[in-house]
Amino acid sequence: MFIYIIRRLNVFVITLFLLSVVAFLLQRQVITDFVNTGNILSDYQRYILAMLSGNFGTSLASGNPVLTDILAIFPATLELCLMAFVVSILIGIPCGIFAGLSRGGAVDYGIMTITLMGVSVPAFWFAMLLMMFFSLHLGWFPVSGRIGLLYDIPVITGFNLIDTLLSTKPYKYEAFFDSLLHLALPTLVLATIPTTEVIRQVRASIGEEMDKNYIKAAQAKGLNTFQIIKRHGLRNALPPVIPSLGLQFGRVLTTAMITETVFSWPGIGPWMVNSIYLEDHSAIQGGMLFIAAFVLLANMATDLLHLLIDPLKRNELYGKS
Amino acid sequence: MANHNVFREDHIRSPLAHSWFLYQQNTIGMVALWALIFILILTVIGPWIAPYPMDHKDVSALLKAPSWVEHGEVHFFLGTDDLGRDLLSQIIYGAQLTFGGAFLTVFLALVIGSVIGIIGGMSSGMQASVLHHFLDTLLSIPSLLLAIIIISVLGPGYFNTLLAVFLALLPLFTRAVYRAVHDELNKEYIIALRLDGATPLRILRYGILPNIVETFVSQTTRALTSAILDITALGFLGLGAQRPLPEWGTMLSDTMELVFLAPWTVTLPGLAILITILIINIVGEGLRQAILKGMD
């Protein structure tokens, strides 16, 4: 296990190194204010030292260090992504189980049709449709932003849901529900991708597990379907779902950037797009490195989590499969 | 049961012909296939059948509703936008930009990516290892983000979007083909072929390629949908095609302000994207299933 973690970290560092080389070469092409001495190696050395000390350069648009800007807005994006994952798990696992149990049946057909629609719908259009129907037509949800303008919540963690509860303001519960309402539509849009993935995976692995002999043994013992699923089926069906969920993180993060643009969510998406309009290259590059590094980190974390949860995977590692 | 066959030998179809036979049994798949062919034809001959020229603006018909709504007119079958442009014509022209662009990009990426993937997969040692890790790095960045990064260097524009999507798709194909070839190469029947003295080219032609058709089909489906989604998303963010061009995503970003006034300008271009991707997914999934069954 320890050796595996070291190996995984090694791959992570090498990937980051390659990423920094690509970013460096791009920067040499574009940015002129970076003093080039003509010697690539010494330039790269200075570049990587600056990066390692957290100096991503100064944003031309805001005048702040790029890292400060990113850290200020990234929690908004992260909050959205995490909520989307929570929703996808809450919806995806039960739907996947129902579909897997009735493979070929009407329920399965219905769920898979909806899943196919979910895969095919462009996120920004879905967001606009939801906005049109729920915000403008019915008026149930706010159109844009993270929280109503009436509430003044001091930033502590950057996650609005936590900040509102931590604050000492008298209206903190109202503020909490208001930020929940603001979260609802963007989360729904963002959750479509991981939800479809969870449904597919759970459906496949439940369908596979239910044919196995230990399930028949459980049936022979007289357990009902619910008990079988809860005690036996899910324990074996869920672990393989984890890595695929982790791999979705990158896609969710980029989709979040689009969703944020539609809902005027003050996250990293509008910030990046704006930086591209303004040709603010140090901001673009810093944002890109930050997002890519974050995605890599998330992938590594899910790999390790999978290893912790799934004993079969650990066996594979030691060649005992 | 009596065998009425006069000939001694049964006619056995080749696996691919059998897969095609299986696919024809799939009604929804066939409908989707015909729809796909229809979209392809529309993409090619669109400019000749669109009712209005691409940049035609009718000032006397601003924000006309679709023809089936009360105030709609049949001259503007799907209605018009805020500059009096006919939506039907715009969507037909857009098919060329969105679907046609994605199709060409994916085709190029398929050819070039497969060649690199096959070369990488057939080789071993240092060369393969370097390629493997390099691709891992590129694939750890989501395709849309990669496209955005490339756009940020090249600058916004329709051609740059296609180039960015192409570059973002390339590692996807290379990696998948590389994997498939590599896995196939270690199987026993390939080793048998090699022991028979087959050259690498012959092994590739008769041993590997027929057995990785499924990879090609599923990757092309995935690439085509993600190319359309990426092109439209970039258009929507204002980083792709710019407005006189009726790219579907660009059309949508234009109509953001019209959500309340003219909902059809939002729903119809989006519906075009949704239906196209849905059809591609259905055809791709059907073909994949048929090929998998045909192999058995």
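Q: What kind of model is it, and which pLDDT limits apply?
A: It is a predicted model: local features need pLDDT of at least 70, side-chain atom pairs count only at pLDDT 80 or more, and totals for chains, interfaces and linings use all residues. Residues are numbered from 1 along each chain as its sequence is written, chains are lettered from A and ligands numbered from 1 in the order in which they are written, and side-chain values use heavy atoms, with hydrogens and water left out.

Q: Fine. How many helices and strands in chain A?
A: Chain A has 13 helices and 0 strands. Both kinds of element are DSSP runs numbered from the N terminus: helices are H or I with at least four residues, strands E with at least two.

Q: What are the spans along the principal axes? Chain A to start.
A: The C-alpha trace of chain A spans about 75 × 55 × 40 Å. For chain B, the C-alpha atoms fill a box of roughly 75 × 60 × 30 Å.

Q: What share of chain A is buried?
A: Of its 321 residues, 46% are buried. Buried means under 20% relative accessible area, exposed means over 50%, and partly exposed is in between (1.4 Å probe, protein chains only). In chain B, 53% of the 296 residues count as buried.

Q: How much accessible surface does chain A have?
A: About 16,000 Å², with 67% belonging to carbon and sulfur atoms. The areas come from the Shrake-Rupley method with a 1.4 Å probe, and for residues only the protein chains shown count as cover. Chain B comes to about 14,800 Å², and carbon and sulfur atoms hold 67% of that.

Q: What about contacts in chain A, for residues 24 or more positions apart?
A: Those pairs account for 69% of the contacts with a separation of 6 or more. A contact is heavy atoms within 4.5 Å. In chain B, 69% of contacts between residues at least 6 apart join residues at least 24 apart.

Q: Now charges. How far apart are the mean positions in chain A?
A: They are 14 Å apart, for 20 positive and 19 negative charges. Lys and Arg count as positive, Asp and Glu as negative, with His and the chain ends not counted. Each charge is placed at NZ of Lys, CZ of Arg, CG of Asp or CD of Glu. Chain B has 15 positive and 21 negative charges, and their mean positions are 10 Å apart.

Q: Which three residues supply more than any other three on the chain B side?
A: B:L145, B:L237 and B:L274, which supply 15% of the area that chain B buries against chain A.

Q: How many salt bridges across that interface?
A: The rule finds 0 between chain B and chain A. A salt bridge needs a side-chain nitrogen of Lys or Arg within 4 Å of a carboxyl oxygen of Asp or Glu. Over all chains, the structure holds 5.

Q: What does B:R288 pair with?
A: B:R288 meets B:E214 at 3.2 Å, N to O. B:R288 lies in helix α11 (residues 264-295) of chain B and B:E214 in helix α9 (residues 213-237), so the pair ties together parts 74 residues apart in sequence. B:R288 also bridges to B:E285, with the closest N and O atoms 3.4 Å apart. B:E285 and B:R288 are 3 residues apart in helix α11 of chain B, so about one helical turn separates them. Shared partners join B:E214, B:E285 and B:R288 into one network.

Q: Last one: where is A:A76?
A: In helix α3 (residues 66-101) of chain A. A:A76 is buried, with a relative accessible area of 1%. Leaving aside neighbours within four places in sequence, A:A76 is in contact with A:R146, A:G158, A:W265, A:P266 and A:G267.

Methods
Buried area = accessible area lost by both parts, 1.4 Å probe.
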